[in-house]
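Student: Could you take me through one part of this structure up close? I'd like to see how a single residue sits among its surroundings.

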Amino acid sequence: MIRGWNISCFWTTVSVFVICFSLFPAELDAQFNNAGLSGLGTGQDNTLLQNNQDTTYTPPPKPSFTFRQYFSALAHRDTMPISYMWAGSVILPGTAQIYNRDYWKLPVIYGGIGAFIYTGYLNNRKFLDTGLRKYEVRRNLLYAGAILTWWGAMMDGVVSYKSVQDPLPARASLYSALLPGLGQVYNGDYWKIPIFYGGLVTCGYLWNFNQQQYRRYKDLHNLATAPDSSYDGPYSAEDLKWRRDVYRRYRDYSVIATVLVYVLNIVDANVFAYMHDFDVSDDLSFRVEPAVIEPLNIRSDFASSISPQSAFGLKMNIRF
């Protein structure tokens, strides 16, 4: 039971780090790409070119979200992206509820986490004093209840976050991070859920099978190489070592495959939330109409001696 508990804690830690390092750059990049940037051909650039002024383009600095802005948002004097709100609730449960103005949920969250941890601590002391397995099982279940309460606080914060954009790509990503397949439900892609869960179940089964075989041959190898060993099995020590290493490698591959399926589930939810309004209809059309073509003002000594003039032509629009 302790071994299974350690694996669950490891998986929770991996999930948190994967989401933190995969979502934050995407959020900042989305904010940067949405910034208003004036490109070549705008009226302001043309004026600068005609006046022979220096037009070296300096991109604006990427927006950053500071701790001061975070606490200002918690005080409801500013807003924050959903990914930062979620990250804050990971570190300090209840901050998402403060930002969403759901203050009544704070006693439920902290009362639940505190009660589970305290009763788990009491059962752990009884287990250490008596050695009875029932106290060990109760301790693990109570600690698991504290983790589920913490998870529920994060999920509630993501669900209650108010946004004018629907679907919100960051919300879809966090849904799939907290519960694989939930982001696909949010996007309406229900048919993908069996695919991802089938992949996770298959990878988990192979992970467990290879782990068991690795431990089996590891114990046999240790028995066969012991100084006073009485091992008389069908495999030699070298064969046992080879089989041990093979199943350990297969186990590691299974872990990597599980993580990849989990990350793919998050990426899929994010991408298809972005593409929600993408036109995928069968409407194919071709349209030609007259248009006025404005010249490009390229700064050079030769171009400065030529006065740009508009021209008439045809504009073609292809829809596919």
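Tutor: Let's go to Ile 193, which has its place in helix H10, residues 193-224. Helices here are DSSP runs of H or I with at least four residues, strands are runs of E with at least two, and both are numbered from the N terminus. A word on the source: this is a predicted model, where local features need pLDDT of at least 70 and side-chain atom pairs count only at pLDDT 80 or more, while totals for chains, interfaces and linings use all residues. Residues are numbered from 1 along each chain as its sequence is written, and side-chain values use heavy atoms, with hydrogens and water left out.

Setting aside residues up to four places away in sequence, Ile 193 touches Gly 181, Gln 184 and Val 185, where contact means heavy atoms within 4.5 Å. From Ile 193 to Gly 183 the gap is 10 residues in sequence and 9.5 Å in space, C-alpha to C-alpha.

Gln 184 also leads us on to Asp 268: leaving aside neighbours within four places in sequence, Asp 268 is in contact with Gln 184, Lys 192 and Phe 196. Asp 268 lies in helix H11, residues 237-274, and with a relative accessible area of 11% it is buried.

The buried residues of H6 include Ile 109, Gly 120 and Phe 127, and what covers the buried residues of H6 includes helix H5 (95-99) and helix H7 (133-160). Just after H6, Gly 131 takes a positive phi of about 75 degrees.

Zooming out, the protein chain has 12 helices and 2 strands, and 32% of its 320 residues count as buried. Among contacts with a separation of 6 or more, 61% are between residues 24 or more positions apart.

Methods: Buried < 20%, exposed > 50% of the residue type's maximum accessible area, 1.4 Å probe, protein only.
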